[in-house]
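Good morning, everyone. Please look at the screen while I walk you through one protein.

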Amino acid sequence: MKILAIESSCDETAAAVVEDGRTVLSSIIASQVEEHRLYGGVVPEIASRRHAEAIVGVVDEALTAAGCTLGVIDAVAVTYAPGLIGALLVGVNFAKGLALSRSLPLIPVHHLRGHIAANYISDKELKPPFLCLVVSGGHSHIVEVRDYTDMRVVGRTRDDAAGEAFDKAARAMGIPYPGGVALDRIAEDGDDTAFALPRPKVDGSPYDFSFSGLKTAVINLIHHREQKGEDIPVADICAAYRRAVVGCLSENFLRAADDLGYTKLVLAGGVSANRLLRREMERLCMGRYTLSMPVLSLCGDNAAMIGAQGYYEYRARHVAHSDLNAVATLPIDVNYQ
């Protein structure tokens, strides 16, 4: 089954052709990073306009790269939630029109489920059930993936997501957007023991995360040194901060795995590209758990992951009609009705 997939939830316009949920025939991404860097973050109105300008060309390029025409496409999958509402609407409306014009099934895909499904492409033997740590700019969840479309959230952030926490700390140090990516790179040259930073816990909820206090601690550290006229050792602060965030993520994730009896673990989301997180999870899992992580090219937003999850949504008969709408916020464990 060949699925044409479309992703436009934030600032990447993406299209892909995916066969049977596991084989990527093409994956095209038009990024807006350089434009949004001017503003220090994603500007939703600009993102929506750029999606509208790019989507036709991106879809055409994906079909060409896959050696396909619309005549051999069996269904259209699209990210419909969650994300920037204007950006989502561009992809949803384009997919609806395309599916209607070709009498093709329209498959609505939850963005975070797509991130999890990136692992089905990287690891073709991976099958549920497993426990997944989903970490991105806007979300930090521990999810029981009981089946391809049956999920339960067992842990989540109470405030900032991990990626958001990285970006905000980077901004405080004057690191340009996208700050989290640059912070990870700079931290490689720093001493992660140079500063003692807190690892906040949520009372009564051992699997939940809270990063706002940690973020405040590093911002206060920077401000205090500035007020005293002291140098700001950016690499060391980046390294210590990264170590603290990764420590919170890995500790709660493994605690949940042990308590719930999971030995098959999976990472997903943009922050799964973080160098230290990948190294730490490989080290901690060795001899205790099996670990799957998406290849780096599939960690960020892309349409291949939407096509992968779309295949399993289609098998579960989660198919939409022309009244499909975009949804800015939607839990990962809610199936399309």
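First, the ground rules. This is a predicted model, where local features need pLDDT of at least 70, side-chain atom pairs count only at pLDDT 80 or more, and totals for chains, interfaces and linings use all residues. Residues are numbered from 1 along each chain as its sequence is written, and side-chain values use heavy atoms, with hydrogens and water left out.

Now the overall build. The protein has 10 helices and 10 strands. Helices (H or I, at least four residues) and strands (E, at least two) are DSSP runs, numbered from the N terminus. Along its principal axes, the C-alpha trace spans about 65 × 45 × 30 Å. What radius of gyration would a compact globule with 337 residues have? The value would be near 20 Å, and the protein has 20 Å, which agrees. That radius is taken over C-alpha atoms, and the globule rule is 2.2 Å times the number of residues to the power 0.38.

Next, the surface. The accessible surface comes to about 13900 Å². Carbon and sulfur atoms account for 50% of that surface. Accessible areas come from the Shrake-Rupley method with a 1.4 Å probe, and for residues only the protein chains shown count as cover. How many of the 337 residues count as buried? The share is 53%. Buried means under 20% relative accessible area, exposed means over 50%, and partly exposed is in between (1.4 Å probe, protein chains only).

A word on contacts. Contact means heavy atoms within 4.5 Å. Take the contacts between residues at least 6 apart in sequence: 73% of them join residues at least 24 apart.

And charges. There are 33 positive and 41 negative side chains. The centres of the two sets lie 3 Å apart. Lys and Arg count as positive, Asp and Glu as negative, and His and the chain ends are not counted. The place of a charge is NZ of Lys, CZ of Arg, CG of Asp or CD of Glu.

Now go inside. A nonpolar core is a set of buried Ala, Val, Leu, Ile, Met, Phe, Trp, Tyr and Cys residues joined through side-chain atoms within 4.5 Å. The largest one here has 48 residues. Those with the most contacts inside it are Leu131, Ile142, Phe211, Tyr241, Leu249 and Leu265. Among the elements that give this core two or more residues are strand 6 (130–135), helix 5 (162–172), helix 6 (179–187) and strand 9 (264–268). Which element gives the largest share? That is helix 8, with 14 residues.

Ser27 is in strand 3 (residues 23–31). Beyond its neighbours within four places in sequence, Ser27 is in contact with Ala15, Ala16 and Ala304. Its relative accessibility is 33%, so Ser27 counts as partly exposed. Ser27 and Ile332 are 305 residues apart in sequence and 24 Å apart in space, C-alpha to C-alpha.

Back to helix 6, where Asp184 sits. Is Asp184 buried or exposed? Asp184 counts as buried, because its relative accessibility is 5%. Not counting residues up to four places away in sequence, Asp184 touches Arg242, Ala273, Asn274, Arg275 and Leu276.

Compare Arg315, in helix 10 (residues 304–315). Its relative accessibility is 53%, so Arg315 counts as exposed. Arg315 and Ala161 are 154 residues apart in sequence and 31 Å apart in space, C-alpha to C-alpha.

Last, the backbone. Most residues other than glycine have a negative phi, and most peptide bonds are trans. Where are the cis bonds to look at? One runs from Pro128 to Pro129, with omega near 5°. Pro129 lies in the loop between helix 4 (111–122) and strand 6. Another runs from Tyr177 to Pro178, with omega near -5°. Pro178 is in the loop between helix 5 and helix 6.

Now positive phi. Ser103 has phi near 55° and is not a glycine. You will find Ser103 in the loop between helix 3 (85–102) and strand 5 (106–110). Ser103 is exposed, with a relative accessible area of 68%. Arg317 has a positive phi too, about 65°. Arg317 is in the segment after helix 10. At 76% relative accessibility, Arg317 also counts as exposed.
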